[in-house]
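Subject: Structure handover

Hello,

Here is the structure I promised to pass on. My notes on what was found in it follow below.

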Amino acid sequence: MLNPQNLEQLDRLVRGELGSLVDCYKKLHANPELSGHEEQTAALLARDLRVCGYQVTEGVGKYLKNQWRGHGVLGLLVNGPGPTVLVRADLDALPIEEQTGLPYASRVKAQRDGQEVAVMHACGHDLHLASLIGSARVLARMKENWQGTLVLVGQPGEEGGGGAQAMLNDGAYRLVPRPDAALALHATAQLPAGEVACAAGNFMASLTEVEVTVYGVGAHGSAPERAKDPVVMAAQLVLALQTIVSREVNPLEPAVLTVGSIHGGTASNIIPDQVRLLLSIRAYDDAVRDGIVASVERMAAGIALAAGVPAERSPNVALRVAHPANYNDPQLTRRVTEAMSLVLGADRVQQAQPVMASEDFGFWGLNREIPTCMFWLGAADPDLFRKSQESGVPLPSLHSPFYAPLPEPALYTGVRSTVAAVLSLMGQGRVAPSVEPGT
Ligand SMILES: [Zn+2]
Ligand SMILES: [Zn+2]
């Protein structure tokens, strides 16, 4: 339970940790690791959690679709009877060459698919992790203010790797108790540091990545009559796909289908025998998502049929990645936003709008069996944010080589918000209505 005494204690403890957390953030920022290779990042988190008295399990994660090692970290702090609350941060960075010019900018290079790439924490996961470490330290020192079991997760492979699923496949919910509620934050350049934003219900959309291979019959470029041209079929398919969201999906249901990649052929005078397309599909409703995938299959098959492609060379439609939507449990979200308003002030807790971007945190909710809540953590320099609002020129967003959070106020807010949310769910003698122990 939050009261003036522990609010004051929380503030004091966070201020005491802030210098060290900013150093930790800068160290993480300067040493990013790609998805599946988060070895040092995971080790740093594990070390810090052990020092704070958490039971730590390392190396958690069994990937289904690639050869990555699981670098997931689970921290457990049992503090008497009460609910189990999980807080998750992600560990991985992106193959982007940092161009912020910051003194602690990344100069790291790594191998990816046999090529050297630059690596950058361009999605703010370093901020998430430093915030988790701060929350771990503060909650370990505020044990008289809460009861129950705290589970902290350092999740690898968020950026398209299926890291949440890999940890669950590896028995994360057997290695630690299954939580009664799960929380996470994500940094954003759309809010100034010092503020957060949250919304009950839809928060981030589901993501389904689909690979379509359109097969044809190759021939000399001068003899189309001997070919079944997959380039023409792929072009027809790209246009046909545009009608799924506009003509088939209920206009009141949000959905996006993007063809992000199309590759086929090697020369102007050769008709190739296949073209490969990569699609991303985003929706909130699972039936809408399934309907879009079925339409992609139907349209691809129909275009091949109309072109006279033999049945054995029908297009192949394969699902590559599928994340559930992030649906913020309304009761849990109300508790969390009330707690954050108490600590930050109600004017610093904004109402978020649902977005069609995606995040694999939703896996931790096991198809909504476990209430989850995710919130945006403002990370933009407040002065730059104000100027950007005035000029209309947006600040560099997530996944930009210029993305540059302002760490100190963002961490101060991230740790206080997270700890307040946890205390509101695990406060001594008081259990949130939606978070009953043992359910
Ligand atoms: Zn990202
Ligand atoms: Zn991210």
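The zinc ion (ligand 1) is coordinated by Cys-123 (SG), by Glu-159 through two entries (OE and OE), and by His-399 (NE2), at 2.0 to 2.8 Å. Donors here are N, O and S atoms within 2.8 Å of the metal (3.2 Å for Na, K and Ca); water is not among the atoms, so sites may look incomplete. This is a predicted model, in which local features need pLDDT of at least 70 and side-chain atom pairs count only at pLDDT 80 or more, while totals for chains, interfaces and linings use all residues. Residues are numbered from 1 along each chain as its sequence is written, chains are lettered from A and ligands numbered from 1 in the order in which they are written, and side-chain values use heavy atoms, with hydrogens and water left out.

The four donor atoms around the zinc ion (ligand 1) subtend angles of 51 to 148°, so the arrangement is irregular. Cys-123 sits in the loop between strand 5 (115-118) and helix 3 (125-141), and His-399 in the loop between helix 9 (382-391) and helix 10 (407-426), 276 residues apart. Helices (H or I, at least four residues) and strands (E, at least two) are DSSP runs, numbered from the N terminus.

Cys-123 is buried, with a relative accessible area of 6%, whereas His-399 is partly exposed, at 39%. Buried means under 20% relative accessible area, exposed over 50%, and partly exposed in between (1.4 Å probe, protein chains only).

His-186 lies in strand 7 (residues 181-192) and Cys-123 in the loop between strand 5 and helix 3, so the pair ties together parts 63 residues apart in sequence.

On confidence, the mean pLDDT (the predictor's confidence in each residue, from 0 to 100) of the protein is 95, and 97% of its residues reach 70 or more.

Regards

Terms used:
Tetrahedral: all angles 85-135°; square planar, octahedral: opposite > 155°, others 65-115°.
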